[in-house]
Amino acid sequence: MSLYQVTDGVAVITLDRPPLNTLGLPLRRHLDNALFAAQSDSQVNAIVLKGAGRGFSAGGDITEFDQPDSDQEPSPRALHDHIEASHKPVVAALHGMALGGGLELALSCHARVAHCATQVGLPEVHLGLVPGAGGTQRLPRLTGPEKALNMILSGRTFRADTLAGSGLFDAVTTDDVEAQAITLAATLATAGTISRTGEQPCNMDNAQAFFAYARSTLRLQPGASTAPLDCVDCVEAATLKSFHRGQEQESNTFRNLRNSPQFEGLRHVFLAERKALTPPGKAQQVKPLPLNTTAVIGGGTMGTGIAMAMANAGIPVVLVERDDTALARALTTIRDHYEGSAKRGKLSAEKAAANTALISGATDYSAVSDCDLIIEAVFEDIAVKCQVFERLDAIAKPEAILATNTSMLDVNRIAQFTRRPQSVVGLHFFSPAHIMKLLEIVQGDLTSAKVMATALALGKKIGKTSVVSGVCEGFIGNRMLQPYLMQAGMLLDEGALPQQIDSAIEKWGMAMGPFRMCDMAGNDLGGKIREQHLVNHPQLVYSRCFIEVEAMGRFGQKVGRGWYDYIPGQRAPVPSEEVNAAVIAESARLGLQRRFISDEEIVGRLLLALVNEGARILEEGIAQRASDIDVVYTAGYGFPSWRGGPMFQAQQRGLVDVLTNMSRFANGPTYQKADVFWSPAPLLSRLAANGESLFNVQAPEAV
Ligand code: NAD
């Protein structure tokens, strides 16, 4: 391929590294060589950089970050300095996306023309990094430090037309970007003016107060990545130091963060989320079915949330309820939600009205006969599910997908209520369904490849983080929660109190400890799940404290009392003397001498309870890969992304170390059935013995 093509004295250099033009070493070398060639070509007066395919560039190659290639010349910074120093004007022509290092490359050009729909942004902070190739130094010089810092700290992507007039672009167009960039480049060459961003001043009135305020608004978890604070420091440096010194600070900060364990965890999750989107087995080779019309059966907590998740992505939904009263209640919930969002400024009034209008209601199942996808979210009762699926089977068109949002019931059994089990799939949304990111896509034994591919495409379309799970009680996430809660109960019996357990694991980084989580979900609901779990696993024990808290009517936040007391108007839960007394009495009843339990032991036991069950899930082929389990926990259960997920933690600690600790817990303070609880998953023992990694375990071929 030629390095560039010349049109009327303008050399057009194309970034061409499918699929996303990531700026790994090969592309950087190509760009650098093309620039040298264009600069010394007497036919060339000006240069345009553009991307081939779907966009300009999605940024640096994240898989290269800790490889020797990442430090090889030309480094991104050297390449950008080379562009900026060019004596022939360089114009970036942006379409599709210019993200991270891709946007930084564009910032180093002398001008930028963007198609209005281009997605631009600096997402590095989400990976625990600062933009490391001039972003924190050039963006503030173009847009002003405040706008730049907001963009950098949010890590969000923005449509180019929402940034028109910000100083970032010289033109935003609905027309041919390349043609406009060529015209602009030729004009700049004729005028002989080159504006180098790095040479521009970066002044700000009240800079000191502004940056102090910016720091004060950041709430960093102890141990979490310091990247947000570092971003503030780097942008502040742009206002205080020379461009060169600011770049030095940015480069050093980037290098330090890149070597941090927090970056390792965040990168693992970033890559794991993408890997989880690979459809299982044959589903990779089939095209998803169209999803133009959808329906949700049941307009309770989940049904209304699922309907809104669809409408938010522009998909029309019919919501079906049992009767007019229930339907009116569901539609009112939805309307109130959108009106409230518009009032709070979270959504424009037009968008709120448009979303509301996408959701229609019905009480007659005939309304769904033509739908491409029907999602059931009725009561968690197998008899009710049976009724609903028999009716759907009778009425839905032959190619329709029939999905269930069940949390615990057997998807294979539900599929058998129809004459088309190949069309039945689990779509396990989390509450509130329009907000929570995680979507477990539950593949029944007979679910077809087409249905799986379509379910994954749906997840993407509605902005969820999807993970495929096989059928088992609780699927991946809730199944792992049971041993985690059992372990929390054992800690209570042995000497810890709920608030100590919650506080230890929250300090470690979990968004919420197990008891606060139970209070949020409802202890009555938890009781039902526990009873079901014990039917299937009679060899295990839950602390009786769970039963007692439920028996006290302490159903959780919704009644103002649970493991904690909830005082109206007060956000923080208050430890309950009544519950604490019951916990202490239970230890006495068991004849256990309560002892001090360190935070380290609490965290270790809760974490390894997750790891052991995760390994079983992997071994049984319920999860396709260990990294999928990490995605479930980081996207759906408040596990800190910067710790990479439970399986990543296990691998980091070393599987031999994991087994040693499990055996220590099994043989530690006497507790009934602790040894049964801690019997290691055979997969863990095998991998540890062979020195193999959880992340190399191959899933059995599915579908
Ligand atoms: P819910 O009680 O709030 O709502 C159920 C709704 O279904 C009610 O409005 C009811 O009127 C309606 N309904 C019952 N039978 C119907 C029928 N035959 N036709 C039409 N509508 C009917 O329950 P929910 O919390 O929304 O749970 C629904 C499903 O989602 C359950 O399977 C549950 O396990 C699952 N789920 C719940 C959560 C959660 O946190 N609540 C999370 C994930 C999954």
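## Close-up views, one by one

View A: P19 sits in the loop running between strand 2 (10-15) and helix 1 (25-40). Helices here are DSSP runs of H or I with at least four residues, strands are runs of E with at least two, and both are numbered from the N terminus. What you're looking at is a predicted model, where local features need pLDDT of at least 70 and side-chain atom pairs count only at pLDDT 80 or more, while totals for chains, interfaces and linings use all residues. Residues are numbered from 1 along each chain as its sequence is written, and side-chain values use heavy atoms, with hydrogens and water left out. The peptide bond from P18 to P19 is cis, with omega near 0 degrees. N21 belongs to the loop between strand 2 and helix 1 too, and its phi is positive, near 55 degrees, in a residue other than glycine. N21 counts as buried, at 2% relative accessibility (buried is under 20% relative accessible area, exposed over 50%, partly exposed in between, using a 1.4 Å probe and protein chains only).

**View B: N206, a positive phi on an exposed residue.** N206 is in the loop between helix 6 (177-191) and helix 7 (207-216). Its phi is near 55 degrees, positive although N206 isn't a glycine. Buried or exposed, what is N206? With 63% relative accessibility, N206 counts as exposed.

View C: S431 and P432 are joined by a cis peptide bond, with omega about -5 degrees. You'll find P432 in the loop between strand 15 and strand 16 (438-442).

View D: The ligand has 23 residues around it, and M302, E321, E380, K385 and S407 come nearest (a residue is near if one of its heavy atoms lies within 4 Å). By class, this shell has ten nonpolar, nine polar and four charged residues. Nonpolar covers Ala, Val, Leu, Ile, Met, Phe, Trp, Tyr, Cys and Pro, charged covers Asp, Glu, Lys and Arg, and the others, Gly among them, are polar. A polar side-chain atom of E380 lies 2.6 Å from a ligand oxygen atom, and an N or O atom in the side chain of K385 is 2.7 Å from an oxygen atom of the ligand. The protein buries 81% of the 840 Å² that the ligand exposes when taken alone (Shrake-Rupley areas with a 1.4 Å probe). Helix 11 (301-312), helix 14 (382-395) and strand 15 (424-429) each give two or more residues to the shell. Helix 14 gives the most, with three.

**View E: Aromatic rings and their neighbours.** Rings of Phe, Tyr and Trp (its six-membered ring) pair if their centres lie within 6.5 Å; planes under 30 degrees apart are stacked, over 60 edge-to-face, and the rest tilted. By this rule there are ten aromatic pairs. One of them, Y542 with F546, is edge-to-face, at 6.0 Å centre to centre and 85 degrees between the planes. F677 and W678 are edge-to-face as well, at 4.9 Å and 75 degrees, and both are buried. Back at Y542, one aromatic cluster takes in F515, Y542, F546 and W563. R530 lies over the face of Y542, at 5.9 Å from the ring centre (this needs NZ of Lys or CZ of Arg within 6 Å of the ring centre and within 35 degrees of the ring normal). R391 lies over the face of Y365, at 3.9 Å from the ring centre.

Technical notes. Polar contact = N/O pair within 3.5 Å; in protein donor to acceptor, adjacent residues only side chain to side chain.
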